[in-house]
Amino acid sequence: MALFKKKATNTNAEVDTFKSPNKLNIEPFLYLLPFIIGILIFTIYPIFNVLRYSFIEGLGHPLGKQLAERCTFILTDASAKGCDLTWGLGNFEYVLKDKYFWSALKNTFQYVLCVVPVSTCLAIIFAVLLNQKIKLRGLFQTVFFLPMVTSSIAVGICWKYLFNYNYGFINYLLNTFGIASVDWLGQASMNIWAVIIYGIWDIMPMTIILLLSGLQNIDEMYYTAAKVDGAKTLRIFFRITVPLLAPTIGLVMILNTISCFKVYSSIFPLFNGSAGITGKNLYTAVFYIYNQFFINSKYGRAAAAAVLLFFIIFAFTMFQKWFQNKVSN
Amino acid sequence: MKIKIEHLTKRFGNFTAVDDFSTTFEDGELIALLGPSGCGKSTMLNMLSGILPVTEGKIYFDDDDVTDVSPDKRGVGLVFQNYALYPHMTVLQNICFPLEIQKMPKEERIAKAKEMAKLVHVDEFLDRKPGQLSGGQQQRVAIARALVKKPRLLLLDEPLSNLDARLRLEMREEIRRIQQETGITTVFVTHDQEEAMSISDHIVLMKLGVKQQYAEPQELYNDPANNFVADFLGNPPINKIFGVAKGGNFELEDGSASFPFELCSKVAEGTKVTLGIRAESAYPVATAEEAAFVGEVSSTYAMGKEELGYIKIGNQEFRAYIASELGYKKGDAINVGFKDRGVFLFVTETGERVR
């Protein structure tokens with residue numbers, strides 16, 4: 001432990017500045033303080049506040065926004081006296097009985113289960129290709145990483161045009177292969193697929209970057225050894241590259257799963273800020289939370305949904321880690 | 001398999017790593033490529049394996065020209081300096097991998113791999129991952145993996161450099177044993193003269209990409225082709241006294257001493273020459289008549305039955321072993337005689353040996 005300076009292990013003159021060898025050293029905490037304060041205010045406090053909100057019934061209803069704020073202030077002190085607010089599980093009850101919450105979960109799971117595997121597989125292929133000693137490698141890398149530095153709302157609007165039924169590029173492509181045009185944005189059942197395609201594209205650059213760094217950590221000598229033994233590209237890929245990249249692939253899949261569960265900003269621009277073409281068919285978990293909070297001003301319900309989403313992501317990620325450990329052993 | 005190398009040259013841009021290298025390695029021998037770092041010995045090995053394309057020259061395996069043959073078609077087994085064992089595969093899978101590439105049936109390749117594991121004594125660890133093995137065991141697995149496909153030539157790149165001192169001794173004997181049991185022509189790279197001397201049949205000594213001498217270890221030591229070879233081999237390093245040839249005499253550079261030395265008459269008068277004397281080749285003699293020259297003991301260090309002494313001639317010093325019972329002390333005059341072996345004369349400028 002760096003925080004405890006022990007005399008026995010330090011022989012140089014610096015030791016003298018730490019007079020009592022086993023006493024807690026305050027100095028490192030001072031350096032960390034600004035960061036800790038920031039985290040406490042902007043991360044830790046909101047997390048616990050959401051947890052608290054989720055158990056307050058009637059919050060935001062039928063009171064107006066301002067009144068609700070005043071009430072939470074009172075709640076901080078003691079109880080919800082006089083504000084018609086009570087502690088309870090009512091928010092959870094409402095959310096779990098709400099059919100839109102369940103359709104939001106269904107959409108979210110569909111999104112996660114499609115986007116994560118497909119984007120990871122594609123990203124592995126692209127990362128391996130970008131890792132080759134090819135001409136214009138720098139150019140290709142820039143092109144592939146461009147989506148990352150572009151605002152997702154702006155990009156979403158571009159995709160809206162790509163998905164357009166009459167003159168969108170995607171339908172044009174389908175038509176050249178003899179496939180009939182698909183009304184990606186106008187037909188409710190196709191909406192989710194449009195979002196999934198966009199999601200795959202959106203998540204690829206970060207995935208490729210992480211996988212590239214993983215690839216660059218693989219020692220060249222493994223490839224040389226395999227080549228001397230006569231291994232061909234495909235065998236090298238499946239027997240050496242992929243297994244050695246497995247830790248990075250696992251990391252990428254967990255990160256992508258978490259970020260895909262939070263899908264929201266890609267739906268917003270595609271459907272002018274509503275959840276799908278009918279306004280209700282494409283709720284996702286975060287979209288549901290957003291609507292409860294900002295549109296319906298039901299803070300308690302939003303908080304309850306957020307808490308539920310947290311536990312779903314938590315369980316899913318744990319399962320994923322357990323599964324990966326099992327596979328790697 | 002016999003390996004013939006003709007005028008082999010490798011250039012990286014303007015830098016010549018291997019320069020006009022020709023030699024023949026006999027079948028079934030253990031050959032050491034020896035030299036200081038940067039002398040081109042690893043480049044040589046990589047050209048033999050086919051990993052590096054050659055710039056000029058030819059390589060023949062027996063009578064086949066393999067200069068432009070890809071590594072996997074040359075039938076070479078390669079052991080990397082860091083072993084390059086696949087960390088995600090078990091020992092057995094590692095050894096099987098070359099056979100898996102050759103699409104050998106599973107039972108057959110497992111049988112062969114086990115046989116090979118037995119040869120290198122790793123058959124107890126077949127189910128372990130390389131990370132669970134010691135350096136010496138990893139080395140053995142790497143050798144097994146290189147040998148399992150029955151290569152015509154085994155190449156080892158600095159095979160012992162990653163091992164600690166004790167393991168090094170053990171593994172070099174193991175390499176010798178495995179090589180003799182399989183009878184496979186083996187070339188290994190090393191910068192350690194002792195390693196090369198102790199196990200190889202022939203040594204190629206290289207310097208700055210140029211072959212200095214290709215000979216049996218003892219011959220290299222007893223009959224060096226030039227100053228560099230004499231300098232590189234031997235511990236303690238060979239003594240060097242710098243002087244000038246004058247009328248059949250060896251005269252120290254500053255003229256502070258002079259004594260007759262036969263070989264000095266074979267070079268032009270006034271040529272700068274270096275006298276190389278191995279520490280064990282100079283010894284005290286009873287009378288000044290038998291002595292090559294008379295020096296002065298400048299210091300002695302007890303080393304058991306012998307003492308390593310520094311003897312001064314003129315104002316240059318050299319090391320020699322002096323029997324401790326003779327009782328020489330600092331400042332004593334000493335009659336120094338030369339043995340027939342281990343005393344060489346070189347032309348200082350070119351390093352060329354005067355014979």
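Tutor: The side chains of Asp229(A) and Lys149(B) form a salt bridge, at 2.7 Å from N to O; the term means a Lys or Arg side-chain nitrogen within 4 Å of a carboxyl oxygen of Asp or Glu. Mind that this is a predicted model, where local features need pLDDT of at least 70, side-chain atom pairs count only at pLDDT 80 or more, and totals for chains, interfaces and linings use all residues. Residues are numbered from 1 along each chain as its sequence is written, chains are lettered from A and ligands numbered from 1 in the order in which they are written, and side-chain values use heavy atoms, with hydrogens and water left out.

Student: How many salt bridges are there between chain A and chain B?

Tutor: Three.

Student: And what area is buried between the two chains?

Tutor: About 1,700 Å², with 65% of that from carbon and sulfur atoms. Buried area here is the accessible area (1.4 Å probe) lost when two parts are put together, summed over both.

Student: How many residues are in the contact?

Tutor: Chain A brings 16 and chain B brings 20, where contact means heavy atoms within 4.5 Å.

Student: Switching topic: how is chain A divided?

Tutor: Into domain 1 (25-91) and domain 2 (94-328), with bounds from an automatic or database domain assignment. Their C-alpha centres lie 33 Å apart.
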